[in-house]
Amino acid sequence: MKIGICNDHAGVDYKNGIIGYLEGKGYETVNFGTDTKDSMDYTDVAHPLAKAVEKGEVDLGIAFCGTGNGMAMTLNKHNGIRAGLAWSEEIGVLVKQHNNANVLVMPARFIDFETVKKIADAWLGTAFEGGRHQKRIDKIPL
């Protein structure tokens, strides 16, 4: 499985950490994020990740910014993206189980890296339930 990773300046360390962690588990990763802590616009990395997910160039995405909100807002402007913001394992499970999130967004300034790994594992290890949830997902695009 190929996972695209993006981040702004607030998420550089977590992006680098999750790439190593996921590759150690056998995932292939593609870096869409910045590699420096110089201030930059999260939109400049979120849109390329979203397009790669939509085109099938990567299977899923993971994104980091300070609160996670800017990334989630930008990613969700794309009709083929369901970006879910998670700050706990339980939310990581639910955004996949109920919303079939194809991009996981995490707030780099509000959780530690151990939590990041737990959320990513929970999200990647969860299947979409379908059923009543699919009906709701079908109503998302405008």
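View 1. The model is predicted: local features need pLDDT of at least 70, side-chain atom pairs count only at pLDDT 80 or more, and totals for chains, interfaces and linings use all residues. Residues are numbered from 1 along each chain as its sequence is written, and side-chain values use heavy atoms, with hydrogens and water left out.

**View 2. Tyr14 and Phe64 form an edge-to-face pair**. Across the whole structure, the search finds 2 aromatic pairs (ring centres of Phe, Tyr or the six-membered ring of Trp within 6.5 Å; planes under 30 degrees apart are stacked, over 60 edge-to-face, the rest tilted). Here the centres lie 6.0 Å apart and the planes meet at 70°, so the arrangement is edge-to-face. Tyr14 belongs to helix α1 (residues 12-24) and Phe64 to strand β3 (residues 60-65), 50 residues apart (helices, H or I with at least four residues, and strands, E with at least two, are DSSP runs numbered from the N terminus). Both Tyr14 and Phe64 are buried.

**View 3. Tyr14 and Phe113 form a tilted pair**. Their ring centres are 5.7 Å apart, with planes at 45°. Tyr14, Phe64 and Phe113 make up one aromatic cluster.

**View 4. The charged end of Lys96 sits over the ring of Trp123**. The distance to the ring centre is 4.8 Å (NZ of Lys or CZ of Arg must be within 6 Å of the ring centre and within 35 degrees of the ring normal).

Definitions and conventions:
Buried < 20%, exposed > 50% of the residue type's maximum accessible area, 1.4 Å probe, protein only.
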